[in-house]
Amino acid sequence: MPDVRVELNNRERATLRAVAAGRVQVTYSCEPDLYIDGMAFCDQQTAHWLVHQGLVRPAVPGEPGDVVAAELTEPGAEQLD
């Protein structure tokens, strides 16, 4: 996979930092939602975009509807370097 960096806004970078800190959960869904510190993340567009761009993913296997820990992918971690 080529090293592709995208221009992230402040909210997207803050969300990736929260994922890196272990504060985020993600739903198993075709349009995944994020929970930060146990609270639903209100910016669904950002949540969906980060997952669909391959920057964030579930940390463990799950079934549709499960809420599990989120983790950064390698490209997601590279965005914070």
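So, is Cys30 buried or exposed? Cys30 is exposed, at a relative accessible area of 65%. For the cut-offs, buried is under 20% relative accessible area, exposed is over 50%, and partly exposed sits in between, with a 1.4 Å probe and protein chains only.

Quick housekeeping. This is a predicted model, so to speak of local features we need pLDDT of at least 70, side-chain atom pairs count only at pLDDT 80 or more, and totals for chains, interfaces and linings use all residues. Residues are numbered from 1 along each chain as its sequence is written, and side-chain values use heavy atoms, with hydrogens and water left out.

Searching the whole structure for disulfides (cysteine sulfur pairs within 2.5 Å) gives 0.

Now the strands. Helices (H or I, at least four residues) and strands (E, at least two) are DSSP runs, numbered from the N terminus, and two strands pair when DSSP finds at least two bridges between them. β1 (residues 24–27) runs antiparallel to β5 (residues 67–72), with 3 bridges, and Val26 stands opposite Val68 there. β4 and β5 are antiparallel as well, again with 3 bridges. Arg57 faces Glu71 in β5.

Two loops to finish. Asp37, between β2 (34–36) and β3 (39–40), has a positive phi of about 55° despite not being a glycine. Gly54 sits in the loop between α2 (44–52) and β4 (56–58), and is partly exposed at 27%. Leaving out residues up to four places away in sequence, Gly54 touches Thr73 and Pro75, where contact means heavy atoms within 4.5 Å.
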